[in-house]
Amino acid sequence: MIYLQLAMSCEAAPLIRALSLSAAQPLHGLKRWASQDVTLTLSGTGPYAACACAALTCAEAESAHDLFVTFGTCASLLPDLSPGTLYRIHALYDLASGRPYYPDMFPDIGLPEAGIITGARVLDTASPLHGLADCPPHTLYDMESAAAHLAASRFLGPHRQAALRLVSDAGESSHITQESIGHMVEKQLPALTAVLASFASYAASLEDVDDFTPSDEEVSHLCSLLRCSESMRLQLVQLIRYAGSCGISFQTLLAPYIASGTLPVRDRKEGKRILEELTRLIST
Amino acid sequence: MKSSPVSSPLNPYHHIYVEEDIREHPQTLRILSRLPKGQVIPIQHYKDVFCRTRQDIALQHRAQALILARKTGTLIYPGAPVCQSFGNHHFYYTSLCMNCPYDCQYCYLRGMYPSGNLVLFVNLEDYFRELETRLAEHPVYLCLSYDTDLCPLESLHGLIHAFHHFLAIHPTLTVEVRTKSACIPLLRALPPTEQMIFAFTLSPDEITVFERKTPSLGARLQAAKEGIDLGHSIRLCFDPMLYVPGWREVYTQFVPTLTDTLGADHLKKVRDFSVGTFRISQSYLRFLRHTTSSPIVQYPFVNLDGVYGYPPTLAREMEDTLCDALSAFAGPDKIFRWEDN
């Protein structure tokens, strides 16, 4: 599942149509749309809204195949960057705390890249924001991305996060309207949907490390058969993991002991002896 | 989703994170000039990238990003207890690089570092300065590549060449360059000296399947052979020996492969041999086991004073088996066992 987070409905509307998303149950009051592959949540504007929304969203992203992707418009800090260009963000810098965040750049999607600074106020070229000059040499500015991804990093690794931003202006936002933003997003729909499809196939390729850890019920049952102490329990769990990694069924190993009535054991000493015997059997 | 994906596989060092402080360092400029396609991202400190939480080490290893940084604090460390000292009293190691271009499933680095990306420290002059302080007190035996394999990236960083020059003016320094590479061009480029030991880690082919991205056993042996021919000081390391079902047969058949490829004359010229079974500190093993389900790592190791390894009888048996086979062409004074350390 791709958990897509956007700040404004004018940014989201073209994507909702293009991805055929249907209205879904709101997330603690935050509006949502979803399909089988994508869940889009509207955070509202500003770093605090973005942070809260990201935390709520990422707490849901439990599968190793879930990705958190943010998208929105931003301002350019360089006058020569043309409005309407879509960037993948490789560095995010939170102006308030000075904290950076770097998502992994998997997979390669061929978009131009840039760093972004996130502040709590609208950028205005007439009154430059205090502290911006001391920031790393990033080229874009917005009010959500760093906050969202710093919050997301509490839940997800950097390989499960991506940020996309569309340049809307160069800090002269007076002429920017909801309509003009909608048009800009609309123009980028082919690129955006192709990128999201790449993210979807990348997410599907992410692997869960199967460490063959047995269920609590299985461990509890085997511990009662072997009358395990805590250290024996840990030894048993590791032995089951090792057996699993070698393609050996632990249940099959135990079957003769159960059939002969050796298991359950009478006392812990006997349990320890059998555990050591099983260990020798599969690991030497 | 209806659209076609647009992604393509990433090359190694697709992104290069550079600490702003060393952006203009000559070594930084050299490395960047060799990676013209890498996207350079300025950072304040390498830990901002390297120490992020919840990184997927296995995934990052498939296409590593590169981080260029300045190493601060202590640069030359006393040898760790789990390392073979080869009888050297003043035994040190250094960390010029964090992580390795190779991707061995059993590597302790996967349990030691929170990231699969590669950090290269560019301030070699500071390492040399600290080393000279030690050398003023006593001779130094220094392992250059414990937390990495420097050889496969030599064309990028030139560190082995730099140390080779440094050795020429510091005759009481000996360095070991441990590698799983088949570094024939490097061996040809460097004039041989007893002060630089090339230590090839060798494993049977049944084990090299767990050593992703590494050259085959045959390629490593060819490199060792050429190194001997060129007059280099060559060490062969059978460390770590790894338990696999049928290990006795695997390691017994391994030695004839060595003799067939290298020949008796070459084997006699090998400086020494190192033999040791797999061992790892408790904390590293815990993290390592989270990165892979490989049986090599999930083995039920036993804990001996905080170091996990095979049961002592098995470890001894494995090492004895190999040492016996090696004794056909190497005296006991040439075989260093981990247990004797």
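## An enclosed strand and its surroundings

Reply: Strand 6 of chain A (residues 86-94) has seven buried residues out of nine, so the rest of the structure largely encloses it. Buried means that 20 or more other C-beta atoms, placed from the backbone, lie within 10 Å of the residue's own; exposed means 12 or fewer, and partly exposed is in between. The model is predicted: local features need pLDDT of at least 70 and side-chain atom pairs pLDDT 80 or more, while totals for chains, interfaces and linings use all residues. Residues count from 1 along each chain as written, with chains lettered from A and ligands numbered from 1 in the order written.

Which strands pair with strand 6 of chain A? Strand 8 (residues 113-118) of chain A runs parallel to it, over six bridges. In that strand, Ala114(A) stands opposite Ile89(A). Strand 10 (residues 161-169) of chain A is antiparallel to strand 6, with three bridges. There, Leu166(A) is the bridge partner of Leu86(A). Strand 7 (residues 100-101) of chain A is also antiparallel to strand 6, and two bridges join them. Pro100(A) in strand 7 faces Tyr93(A) as its opposite residue. Strands 6 and 7 of chain A make a hairpin, with five residues between them. In its turn, Gly98(A) has a positive phi of about 75°. Strands here are DSSP E runs of at least two residues, helices are H or I runs of at least four, and both are numbered from the N terminus. Pairing requires at least two DSSP bridges.

Now the core. The largest nonpolar core has 171 residues. Such a core joins buried Ala, Val, Leu, Ile, Met, Phe, Trp, Tyr and Cys residues through C-beta atoms within 7 Å. Helix 5 (residues 189-205) of chain A gives the largest share, eight residues. Domain 1 (2-205) and domain 2 (216-283) of chain A each supply at least three residues; these bounds come from an automatic or database assignment. The residues with the most contacts inside the core are Val69(A), Ile67(B), Val119(B) and Val177(B). Beyond its neighbours within four places in sequence, Val69(A) is in contact with Ile2(A), Tyr3(A), Leu4(A), Ala162(A), Leu164(A) and Phe199(A). Contact means C-beta atoms, placed from the backbone, within 7 Å.

Ile67(B) stands opposite Val119(B), in strand 8 of chain B. Strand 3 (residues 66-69) and strand 8 (residues 118-121) of chain B run parallel, joined by four bridges. An open five-stranded sheet in chain B has the order 2-1-3-8-6 and mixed pairing. Strand 2 and strand 6 (97-98) of chain B are its edges; each has a single partner strand, so one side of each lacks a neighbour in the sheet.

Another open sheet in chain B has eight strands, in the order 4-5-9-10-11-13-14-18, also with mixed pairing. Its edge strands, strand 4 (76-78) and strand 18 (335-337), each pair on one side only. Neighbouring strands are turned by 25° on average, direction ignored.

Start at strand 4 of chain B. It is antiparallel to strand 5 (residues 91-94) of chain B, over three bridges. Pro78(B) stands opposite Tyr92(B) in strand 5. Strand 5 of chain B then runs parallel to strand 9 (residues 140-143), again over three bridges. Phe91(B) has Tyr141(B) of strand 9 as its bridge partner. At strand 18 of chain B, the partner is strand 14 (residues 272-277), parallel over three bridges. Val275(B) bridges to Arg337(B) in strand 18. Helix 14 (residues 312-326) of chain B packs on the sheet and touches strand 13 (233-241), strand 14 and strand 18. Its direction makes about 160° with that of strand 14. Angles run from 0 to 180 degrees between N-to-C directions, with axes fitted to C-alpha atoms, for helices over the stretch in contact.

Finally, the contact between the chains takes 45 residues from chain A and 34 from chain B. On chain B's side, strand 2 (39-43), helix 2 (47-50), helix 3 (57-62), helix 12 (282-291) and helix 13 (295-298) give two or more residues each. That side has 12 nonpolar, 17 polar and five charged residues. Nonpolar covers Ala, Val, Leu, Ile, Met, Phe, Trp, Tyr, Cys and Pro; charged covers Asp, Glu, Lys and Arg; the others, Gly among them, are polar.

Key. Contact = placed C-beta atoms within 7 Å.
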